[in-house]
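Please look over the model shown here with its side-chain contacts and backbone details in mind. The briefing that follows is grouped by topic.

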Amino acid sequence: MNTPTRSDLFYVFGRIGLLSFGGPAAQIALMHRELVEERPWLDEKTFLRALSLCMLLPGPEAMQLATYAGWRLHGVWGGLIAGLLFVLPGAIVIAALVALYAAFGDVPLIQAAFVGIKAAVIVIVLQALYRVAHKALTGATAIAMAGLAFLAIFIFDLPFPLIILTAAVWGYLTAKGTRDPKSRPSTSTPMPWRTALFCAAAWLVPLGILSVAGPPLLAQIGWFFAKLAVVTFGGAYAVLAYMTQTVAFDFNWISTEQMIDALGLAETTPGPLILVTQFVAMLTGYLQNGPAMAIAAGLVALWATFVPCFLWIFVAGPYLDLIADRPRLSSALAGITAAVVGVILNLSVWFALHVLFAEVVQWSVGPIRLPVPVWSSLQFGAGLLVALAAALMLGARLGLAQSLGILALAGIGLSLI
């Protein structure tokens, strides 16, 4: 393996950050080409083991894989360079999109375009559901876990963190196999407690200061997204329904429709999809107190969401081989991944109901909480756009950018008709 300079890191990870469109699979493939095939800076075994580690951790696995690669090549500074460059291009684009959305989102033609984007979001989430299910549902137990997770969140409205914790405990307790007794830490570096304590303090102390001396909205945003960062197993799609429920109904920051718009716009940017948290925070800040609060809220959301990603990698990185050889941890991850299938199915149904129907009410009896559409509010135009989205993205297999453009124009066309 070659050892790059820091200038090399800036160039390569800056390039990866700018080109990291298309979700985790495309981003991981891009990093494999850049770091393993073309340079090579990492060998195949190390890359795959690092990917397995990042899938065990909460947070965006592609961003954490980039952070691990930077850490492996140049220590903590290398990890910071790689992780930040993976996130910053998308964060800048998100900030620009929020400004445009705040300025023009209420224009009728723009709203019509977003109907088309909402239709695309349904198909995007269904594609994510298929990809995760194909990987995770390898047996009857996994299928049952997914079904139970769907029922728990869709019918009983149980909290997402509780579902993930239950799935992890079940997977851990039912694990088979034993770990390799020869496995050792991947480096001779001792447990980096100083780095861990510094990252933890950098993450949580500013949030504590906001709670004591800052605007209440910023403190609320910071602590909510910090909690979300700890339970974001299985990718951003897994927590979107929980996030939507919290920000749209519990906190009343934005509407469900605005949340779907945020996801559609976040899909068009480079970097991890969890940048949707920045969009939600900035839009919330703008709606409550104008542009200055929007900028502050976006920075708080980025801090709360991504600082822990560095913490996990810097603490777990030296123990890559040791962690990868533990069957119980792998089994816990398998349980979480199976449950995530049910959670994403809930997200698909949730979004479909709110796109296809203008009115959705909550039906409750005992512990059961069911979203029920008002059938007279069915929006036929939205249904046609969903069918068009499926034809473009699943049938013709057009790229995301092309499909979103066509659907936005189709939404405008339908509104004019």
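A search of the whole structure finds 15 aromatic pairs, where rings of Phe, Tyr and Trp (its six-membered ring) pair if their centres lie within 6.5 Å, with planes under 30 degrees apart counted as stacked, over 60 as edge-to-face and the rest as tilted. This is a predicted model, in which local features need pLDDT of at least 70 and side-chain atom pairs count only at pLDDT 80 or more, while totals for chains, interfaces and linings use all residues. Residues are numbered from 1 along each chain as its sequence is written, and side-chain values use heavy atoms, with hydrogens and water left out.

**Aromatic pairs**

- F224 and F225 form a tilted pair, with 5.1 Å from centre to centre and 55° between the planes.
- F224 counts as buried because its relative accessibility is 4%, and F225 counts as buried at 1%; here buried means under 20% relative accessible area, exposed over 50%, and partly exposed in between, with a 1.4 Å probe and protein chains only.
- F251 and W253 form a tilted pair as well, at 4.7 Å centre to centre with 35° between the planes; F251 is partly exposed at 27% relative accessible area, whereas W253 is buried at 5%.
- Ring pairs link F160, F224, F225, Y242, F251 and W253 into a cluster.

**Charges over rings**

- R39 lies over the face of W41, at 5.6 Å from the ring centre, by a rule that asks for NZ of Lys or CZ of Arg within 6 Å of the ring centre and within 35 degrees of the ring normal.
- R328 lies over the face of Y172, at 5.3 Å from the ring centre.

**Cysteines**

- The count of disulfides comes to zero, a disulfide being a pair of cysteine sulfur atoms within 2.5 Å.
- C199 is in no disulfide, and the nearest cysteine sulfur, that of C309, is 11 Å away; C199 is buried, with a relative accessible area of 9%.
- The sulfur of C309 is too far for a bond because the closest cysteine sulfur, in C54, is 9.6 Å away, and C309 is buried at 2% relative accessible area.

**Helix packing**

- Helix α2 (residues 23–37) and helix α4 (residues 61–104) pack at an angle of about 30°, with their axes 8 Å apart; axes are lines fitted to C-alpha atoms, for helices over the stretch in contact, and angles run from 0 to 180 degrees between N-to-C directions.
- The helices α2 and α4 are therefore roughly parallel to each other, since angles under 35 degrees count as roughly parallel, over 145 as roughly antiparallel, 65 to 115 as roughly perpendicular and the rest as oblique.
- The contact (heavy atoms within 4.5 Å) involves P24, Q27, I28, M31 and L35 of α2, together with E61, A62, L65, A66, A69 and F86 of α4.
- Helices (H or I, at least four residues) and strands (E, at least two) are DSSP runs, numbered from the N terminus.

**Backbone details**

- The peptide bond from R39 to P40 is cis, with omega near -25°, and P40 is placed in the loop between α2 and α3 (44–56).
- N252, in the loop between α10 (236–250) and α11 (256–266), has a phi near 55°, a positive value in a residue other than glycine, and N252 is exposed at 55% relative accessible area.
- R397 has a positive phi of about 55° although it is not a glycine; R397 is found in the loop between α15 (380–395) and α16 (400–416) and is exposed, with a relative accessible area of 69%.
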